[in-house]
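Here is a short briefing for a first look at this structure. Start with the aromatic rings, then turn to the pocket.

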Amino acid sequence: KFLYGRAFRAPSFAEMFTINNPVIQGNKALDPEVINTYEIAFDYQPRYNLRTGLNIFYYKIEDQIEFVADPNLTSPIAKNVGEQEGRGFEVEGRWDISSTLSMNGNYAYQKTEDTNGEPSPNSPENQAYLELVWKFMPSWFASTQGSWIGDINRSQDDSRDNVDNYTLINLTLGCQCLTPQ
């Protein structure tokens with residue numbers, strides 16, 4: 001599949017109309033942020049119980065709204081000054097190992113840059129997910145999910161170290177005991 005999308009984010013009420021605030025100032029002249037996305041997606045099922053996918057994407061955001069210093073004001077004012085570009089890919093798969101055991105997962109990589117060509121803050125470059133589900137009785141199942149998030153940059157004006165990579169593990173025991181009537 002080849003996909004194209006275009007969307008916008010209208011300025012918030014605070015971004016447009018905040019006045020007499022010591023922290024931020026609104027700006028009635030703001031334009032909406034606009035994003036254009038391009039994606040190519042491949043889906044392949046080599047066996048009845050195995051499905052794989054690959055997505056490659058690119059996007060560009062224009063007229064990003066940011067609060068910037070203004071020499072005529074005591075607090076930053078909202079302006080359309082930013083741009084952001086991102087590109088990357090995601091691979092995914094699902095394997096029904098047996099009638100009672102399945103596994104699915106994905107890995108995503110993205111590289112994002114702001115107007116100055118610097119890495120965009122608070123956006124992980126790497127993400128991975130893996131889930132294993134076991135249906136051990138007619139209505140009961142157990143599952144474990146693991147997510148790994150890596151390489152998150154902070155903004156240039158944030159002097160703290162970058163966010164450490166982290167892993168989140170969930171364990172679930174569930175029952176689909178109620179049947180709809």
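Helix H1 spans residues 13-17 and holds both phenylalanine 13 and phenylalanine 17. The two sit 4 residues apart, about one turn of the helix. The model is predicted.

**The pair in helix H1**
- Phenylalanine 13 is exposed, because its relative accessibility of 64% is over the 50% cut-off.
- Phenylalanine 17 has a relative accessible area of 38%, so this residue is partly exposed.

**A pair between strands**
- Phenylalanine 89 and tyrosine 109 form a tilted pair, with ring centres 6.0 Å apart and planes at 35 degrees.
- This pair links distant parts of the chain, 20 residues apart.
- Phenylalanine 89 lies in strand E4, and tyrosine 109 lies in strand E5 (residues 101-114).
- Phenylalanine 89 is partly exposed at 30% relative accessibility.
- Tyrosine 109 is also partly exposed, at 27%.

**Aromatic pairs overall**
- The structure holds 6 aromatic pairs.
- One of them joins phenylalanine 13 and phenylalanine 17: the pair is tilted, 5.1 Å centre to centre, with 45 degrees between the planes.
- Tyr4, Tyr38 and Tyr58 form one aromatic cluster.

**The largest pocket**
- The largest pocket has a volume of about 510 Å³.
- It is lined by 18 residues, and Glu66, Asp114, Pro121, Ser155 and Gln156 are the closest to its centre.
- The lining residues comprise 3 nonpolar, 9 polar and 6 charged.
- Strand E3 (50-68) and strand E4 (77-96) each supply at least two lining residues.
- E3 gives the most, with 3 residues.

Definitions and conventions. Residues are numbered from 1 along each chain as its sequence is written. This is a predicted model: local features need pLDDT of at least 70, side-chain atom pairs count only at pLDDT 80 or more; totals for chains, interfaces and linings use all residues. Side-chain values use heavy atoms; hydrogens and water are left out. On a 1 Å grid over the protein atoms alone, a cavity is a set of points where a 1.4 Å probe fits but cannot get out, and a pocket is an open set with protein on both sides within 12 Å along at least five of seven lines; lining residues have an atom within 4 Å of a point. Grid points are joined across faces, edges and corners, and a volume is the space filled by probe spheres set on the points. Ala, Val, Leu, Ile, Met, Phe, Trp, Tyr, Cys and Pro count as nonpolar, Asp, Glu, Lys and Arg as charged, and the others, Gly among them, as polar. Rings of Phe, Tyr and Trp (its six-membered ring) pair if their centres lie within 6.5 Å; planes under 30 degrees apart count as stacked, over 60 as edge-to-face and the rest as tilted. Buried means under 20% relative accessible area, exposed over 50%, partly exposed in between (1.4 Å probe, protein chains only).
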